[in-house]
Every structure is written in C-alpha cells, then in structure tokens.
Amino acid sequence: MLWHTLVAAWPIDPDRLVAALLKSAREAKLHTSWTAPDPHYEQALERRARSVHDNPGLLPRIEGAVHALAPYARANTLAAALLHLTVPGVPDLYQGSEEPLYTLVDPDNRGVVDFGALAVRLTDAAAPRPGDLAREKLHLTTTALHLRRSRPLGPYRPLPATGPAGDHLLAFARGEDVVTAVTRLPYGLERAGGWRDTVLELPAGGPWTDEPTGRSFPAGAVPVAELLADLPVALLTRRG
C-alpha cells in the first residue's frame, strides 16, 4: 500500500502519506485499529513512511516510475472519464474530478474545490495543450456533459473492432448518432505493436465528428490508429 500510494498520488508529502497509511492499517484491524490502537506499530509505520522522503536516492526512482507510467495513465484516465459519462446510467461526478484527482481516503478527499481557478482553466480547455492531462480531461468532461444535455443518449449497442489489436478497443453506440471509443490496456497495446491494421466500422450515414477534436470521419471502416491519433479516446456524433 505504501508503494502503490506513493506512485498513484505522486508527488505526495509525508503528512498525507502517513495519514492515509494509518487509516488503512487501523481499518484492516490486523496490527492496530481505531478502538485498540497499537502505538508501537503505528510509530514504526510512520517512521517507515517518512523514511521514503528522507532517502534522496529513492525519490528520483519513484519520479522515474511515475514518468514511465504517464502515457498509460493518460489513456486510462481519459478512457475512464469518457466511459463514466457515456455508458448507460446517470454519471455521478465528484466536485473537482473534472480534472485528474489525486486525493486519498477521507478526510484527504474533503478539501475545498477552487471553483474560480477551475473556471479559469475551463476557458482555455477547448484547446488542450499536448501533454496537459488536466486540460484534456477537463475538455473531455465538458464536451461529454454538453452532449448529454443537448441530446438524449439512446440504447447501448457494442461496436467490435476488427484486426490484430481489436481487443484493445472498447467501442459502442448510444442510439443512432453517438459513438464512444476508448483504448483498453494501453501498455499491452504498445508491447504488441500498436493498432496496426485494426479498424472500427462506424455506422452508415456519416460523416462522423469527433467532438473533442473536431475531426471528421466517414462512415464505414476507419483505421483506429487514425481515429485515435490525437487522443486515446473518441466521442463521435452524427448530425442528422
């Protein structure tokens, strides 16, 4: 849990790390608990957690691991966000989760959201900068929510991709005029050689527009490498 939390919430300061670990240890009730705390165990756990930040040779290695995982984290973050907003059901968003949210268990996740700063970033999120995951997620979330407000999402229908990397694309239609496509298991996709000749058959009656990027695609077989050239996800609509 210590190493998972360090990587997932990096950069994280020692106080936040200790609080999350102590809460988890107490609720696991294996060595300590809320009702019967073991001060010796908890002190040892705190020393162990703080020792990470006291080791100057270790911090660059954690930073390097986070950097190496960043492309796959980006794909998973945007895929989860778009699925959350377009699968059947009503999406429930936490305030502040319009951008990547690295909060931990309560009370860490109860911080006040700076809506003023979020509104400022929203004004230029329509043109997300390459590598700026926060603005990419904010733009994607805004786009999908506006789409949901402007039209009802129809029945769910899966759209299987065909080709050597077909299992790495999750795609479906919502009614006749909305298609979601997201990358699945991006690390395995890269190791297997990328999308190669994989295609997604867009329903007849196009053209289709990818709402986050404004790019247009014809109906029929579209190379997935072309479809997801800018983002690892696509939210396609057809104006009927």
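**Pockets and aromatic pairs in a predicted model**

Let me begin with Tyr 72, which is buried at a relative accessible area of 14%, where buried means under 20%, exposed over 50% and partly exposed in between, with a 1.4 Å probe and protein chains only. This is a predicted model, in which local features need pLDDT of at least 70 and side-chain atom pairs count only at pLDDT 80 or more, while totals for chains, interfaces and linings use all residues. Residues are numbered from 1 along each chain as its sequence is written, and side-chain values use heavy atoms, with hydrogens and water left out.

A search of the whole structure gives 2 aromatic pairs, and here rings of Phe, Tyr and Trp (its six-membered ring) pair if their centres lie within 6.5 Å, with planes under 30 degrees apart counted as stacked, over 60 as edge-to-face and the rest as tilted. The rings of Tyr 72 and Tyr 187 have centres 5.2 Å apart and planes at 90°, so this pair is edge-to-face. The pair links distant parts of the chain, since Tyr 72 is in helix α4 and Tyr 187 in helix α7 (residues 186-191), 115 residues apart; helices (H or I, at least four residues) and strands (E, at least two) are DSSP runs, numbered from the N terminus. Tyr 187, at 45% relative accessibility, counts as partly exposed.

The tilted pair is formed by Tyr 156 and Phe 172, at 5.1 Å centre to centre and with 40° between the planes. Tyr 156 is in strand β1 (residues 156-158) and Phe 172 in strand β3 (residues 169-174), 16 residues apart. Tyr 156 is partly exposed, at 41%, whereas Phe 172 is buried, at 1% relative accessibility.

Turning to the pockets, the largest pocket holds about 580 Å³ of space, and 24 residues line it, with Ala 73, Thr 77, Pro 100, Tyr 102 and Leu 133 the closest to its centre. On a 1 Å grid over the protein atoms alone, a pocket is an open set of points where a 1.4 Å probe fits, with protein on both sides within 12 Å along at least five of seven lines, and lining residues have an atom within 4 Å of a point. Helix α4 supplies the largest share of this lining, 11 residues.

The second largest pocket has a volume of about 420 Å³, and of its 17 lining residues, Gln 95, Gly 96, Leu 101, Thr 103 and Val 113 lie nearest its centre. A volume here is the space filled by probe spheres set on the grid points, which are joined across faces, edges and corners.
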